[in-house]
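Student: I've got a structure open on my screen and I'd like to learn how to read it. Could you walk me through some features?

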Amino acid sequence: MTFFDPTRGTERNCRRGLDMAVVVCKTPEDEDDVLEALQTQQGVEAAVPDTWVQLDDLPKPPRGPTPQSTEMCDANPRCKAWGLQDACCPTRDGLWMECCDDRPPPIDKERHGFSTISLLSWHGGYLAAMRWGAVGFYPSMEHQDTRFFVVPHVDGYVSLKNQHGAYLVTTPSGRIACWHRGHGVADDFEKFKFIYNKDGSVSLRSKSSDKYLAAEHPKWGVATADREEIDDWEKFNVTTVHGWDTVIPNDESFEKLWGMNHFGGRDIDAVEAWRFFPAPPSNNVVVAVIDTGIDYTHQDLKERMWTNPNEIPDNGIDDDGNLDHRDHGIGGLETKIKGNGIIDDVYGADFANDDGDPFDDQMHGTHCAGTIAGHGNNAEGVAGVAWAGVRLMALKFLSASGGGRTSDAIKCLNYAVAMGAKITSNSWGGGGSSSAMRVAIERAQRAGVMFIAAAGNEGSDNDAIPHYPSNYAPSNIISVASTTKTGSLSSFSCYGKESVDVAAPGSGIYSTVPGGKYASLSGTSMATPHVSGLAALIWLFRPQLTMPQIIEIILDSATREDALQNSSATGGRINARSALILASTYEGSRPPVHKPQALTFEDSDPGVGIMGGDAVITCAADESDISFYSIHLISGAGFLLDTIATVDATGAATLTVPLANLTLTKYAQGLAVVAGNATGSAGPDSAATAKIKDYCVPLYGPSDVQWMGDADGRLGWVGGKIQFQRAESEKSLTHYNVYWHSAAGQGTTKSHLPKKGPLLNSLPQGDLMGKVPANGFSRPQCEVDCHLLDISVSGTTYTFHRGAYDNEELAKIHFSGPALMTTTSFRTEKYYDFLEVGDRQLSGTKLALPMNIKLPSAGTQWMVKCDWTRKKAGRFISPRRAPLSFDQSDLLGDPADFEVPSMQPPSMELQVVAAFEETEGAAAAYGTLKDFDASVMAPSPALVARNLSFLDENVQEKLIKGRIEFFPPSMGADAVTFYHVYFADVDGIAQWTEYSWTLEAPKTAKEMLQIDLDLELPSAAVSIVAVSGNAHGEGAKTWIPLRDIVRSAPANASFSGDSDPVADQVRGDLTIVPAPVPTGITSYAVYLGNGTKKDGLESYQRSLIIVSAYDDFEMEEGVIVEFEDLVDDSTFFLLGTRSGRSLSEERSEPVEPWLRQPEMGWDERPGGSCGKLLALRPPCDHSIFHHFKLTPTGDWRIQMQIAVLVGAEL
């Protein structure tokens, strides 16, 4: 053979038959030269001095069962969890089980799977590492030397190990070799970083040389790591050969799911985890996706949807409460219970639109659902993390715009718990902390339900700036950050060493979207469903584990990464394979097989929705495996809710458990008791149950009973309507009972009368006439620091005022809607001090006032709160102007009506009593009837004209045109012979004979009476009055306001010109000259448009349209101001810069907007959800982005600065 001497640069001959030659190299470069020369010699193998004596071969798949004791495996929880019996040493993937040997072999610190990659260079050769250490290129990947194991490292780099156990190594001179270097852990010379190029190829950057690996022509067979830039020779295409330790579904787009499986090693090892399931798991884990809904018709989701077993589709009935249709529910209850309040909630519920159809009209929820449990191995689309065995419950509270209310999110969570979800996936957030949301999450925690939440997309530290709901404290929350394909934290992802728990893939995630389609999205929203799917996968693998155990497993099994060490508490990314391995070591629960025999309970607490009394448990006949009993609320669907009490098993036949201040939740239908021991508690199938019925004594009663007049003109007969004022608060009552009142006590022993509350009025009652349902009315009631507020009442208007405030103040006002809340002056320290109305929050000083907020028909709370602050200067409401007020005039608090049919009454006295179900309250109200005799009397108050109306059609001031319309009374119309109609002044007096009309009464009550008007409005006329009359005079009258409808556009407007040099961005001053007749104008709305078209969405908007807006109307016509986008080509300007970083740097990937921290804004337009400025927080409809509103100030001119983006990219 020929031997090359690097010290002399010459070749010399060696004798034939030389078996081994030893060469001592003085420098690494000499070593490279020797190895390169030897690689060209036939029949020569080279070995470096630190070659291992024995190769570090990877474990091979077991060829057959290893004899082992079945009893021993069954006795070990870890082996039993794996379903191992005979061949348990080791498992097929090389894992050594404790049941086999107390001293398992050491685990390879550089562990990797059995999948390999091949790297095809630009010129067509495959990178190959030979047994003797040489690295070159082969024309085909069929040879094993072209296949490399990828070993990921915590520092973000990877190593490539060949089939002989050696790593690719970058020598100091920049050449590539593949040697055994005498150490078990790869060092920097053996590490590379994958660079993902836009054309789909990858490049490798050496850690030691900090240069790119390049492939020379395969004829030369040279690979070096000495290139500064990426060109074609530095690019490789990757081919993956999956190992036997993986399960690869046949879904056509599976290769796009890098988060599930990727050669770069920064995935969640899903395919390795799926290998642990020898057969598809049963469908017993329900994951609730609380989001925009789910497209339940999607081909990759329809077979994975949860269906409500107690709901019959499309029958228009809330079937949940009908035991005739129930497959399961509250065991042992032989009575019909109320439903869950939602009709046809087959796949879930839509709380954004208050119906039972949670179909996704956005795409976000469907995308999340596909990542959790997309149908795998069906040759279509994608596969979810838990693609078999999971059922997806669709719960919608986010609308098509991506926005929603916290109150609706709470409803979704409560529904999920009540209907049996074990996991809730929450890819949403924003706004401040909500105590109601936190309490709902705590209730879910007590029910054993996991709450997995996105950490947010602001790229900020959640430890410093909290993000909700992920920042709430309950231990059932997992807060999830997002990672990229390289393993680093996504640029948009929020982080927090204490407030964020773990990370998961969230950049460029491919999944399902509505309409049978697929798309890639980025965000912590996409990371969250990976964790939700993993939680379900663990529960499928170990169904005996508890929710706290599952959370602990997810966090403890995370793969730590240097790039993530400060991003979360774990500093890592979830790993499905490691999680299942760790789960196999946990002791599962072994709840008692014996169960309690019965449970009884009767409420004795008089508070509404509050339960109190003794629960009596009839214990199990055999308590040998029982340590305690736990009492729970149970839903109508048969799932355990809150744990409300526990009691030790004592051997007694019965146990009495006092319950107090127990609050009933919406879905709670009964109480349940289950048995438990140290390992866990039994489920609802083993529960003894008791139905619950709320006992309540009304706190308030009715008042001011009025007889509205007799419509029956016969002497001795009455018929008509009574009215009475509702109770101050109807929270503690369900209805009002109306009785004939008998001073002599006649008729007081009727068996149908309700039972009396402890303080019921003792006066005698006659027969029950009927009932009037409560409607939830509540006058404003204050709690906590109420003495700090100045409160005044005028009719139905309540006014509240607080001047300069101090630290730690809190006042809560409870009331019912609908109502109109008006704020005329407001000033607080932003964020820290606020006024909260329902789920809206006002804070700061830059609010557009006056502000009107229409409150819905429901119980509402507004709260004034300030925390401790160094700055005490602030006013919630300025004393110099009108304070905060709200009006309940057109609403539930209107007097209640009760119709009295025509009859000969047993008495002329009535009694009205408040009642809750069968229990009546203490306070009663009384009224007196009066008989009307049409033969001698003018029409009674009951015979007023019905539905009197007039609408002015002339929009000019002081001119009216239209038609007065009304109907005769529905009862007793024959007692009226004519109607007198006239204009009246403020005192109700008819001053004008020319504006007075007399009309003959029609023959039937269905005929309309009409008067056409087209005239100049008298200056003092304020109302239209209609009086019923007959031969005995004029009697009952009714009236309506006489409104002169005026519409007036702004007089003029001008724009100062564009002062911004950037294309497609305009900034300048807009000056508006108010309308000539400003009466009734609440604001001026400014729209972007194209020409004269308001709210246009065309590509080139070059005009502003300013219109007048009224309480009930917004004009279409207005002032049009043209503008020009001035561009200075010499100016370089980064759009959207903030804090020195460009928007492109902060948002390098498209991110869903609904997880950004919101700013506060308001829109007074009916139905509006956004605010007064163009650049508002998402989510908003696109049309809302195109306008803002300016409230008139009374000045002659209104000037404001605007900054808008124009074109289709808004």
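Tutor: Let's take a few features in turn, starting with some ground rules.

Tutor: This is a predicted model, where local features need pLDDT of at least 70 and side-chain atom pairs count only at pLDDT 80 or more, while totals for chains, interfaces and linings use all residues. Residues are numbered from 1 along each chain as its sequence is written, and side-chain values use heavy atoms, with hydrogens and water left out.

Student: Which residues does the UniProt annotation "active site" cover?

Tutor: A word on such records: UniProt positions are given in the numbering used here, feature names are shortened, and annotations may be inferred rather than shown by experiment. Here the unreviewed UniProt entry lists Asp291, His364 and Ser525 under "active site". They span 235 residues in sequence, yet no two of their C-alpha atoms are more than 9.9 Å apart, so they gather at one spot.

Student: Is His364 buried or exposed?

Tutor: Buried means under 20% relative accessible area, exposed over 50%, and partly exposed in between (1.4 Å probe, protein chains only). His364 is buried, with a relative accessible area of 0%, and Ser525 is buried at 0% too.

Student: What joins the side chains of Ser525 and His364?

Tutor: A polar contact of 2.9 Å. That term means a pair of N or O atoms within 3.5 Å; within protein, one must be able to donate a hydrogen and the other to accept it, and residues adjacent in sequence count only if both atoms are side-chain atoms.

Student: Which helices hold those two residues?

Tutor: Helices (H or I, at least four residues) and strands (E, at least two) are DSSP runs, numbered from the N terminus. His364 lies in helix H5, residues 364-373, and Ser525 in helix H8, residues 524-541.

Student: How do I describe the way two helices pack?

Tutor: Two packed helices are described by the angle between their axes and the distance between the axes. Axes are lines fitted to C-alpha atoms, for helices over the stretch in contact, and angles run from 0 to 180 degrees between N-to-C directions. The axes of H5 and H8 come within 8 Å and cross at roughly 35°.

Student: Which residues meet there?

Tutor: Contact means heavy atoms within 4.5 Å. From H5, His364, His367, Cys368, Thr371 and Ile372 meet Ser525, Met526, Pro529, His530, Ser532 and Gly533 of H8.

Student: What about helix H10?

Tutor: Six of the eight residues of H10 (residues 576-583) are buried, so this helix is largely enclosed by the rest of the structure. Among the buried ones are Arg577 and Leu580. At the start of H10, a side-chain oxygen of Asn575 comes within 3.2 Å of the backbone nitrogen of Arg577.

Student: Where is Asp354, and what is its phi?

Tutor: Asp354 is in the loop between strand S16 (348-350) and H5. Its phi is near 55°, a positive value in a residue other than glycine. Asp354 counts as exposed, at 62% relative accessibility. Glu917 also has a positive phi, of about 55°, and is partly exposed, with a relative accessible area of 41%.
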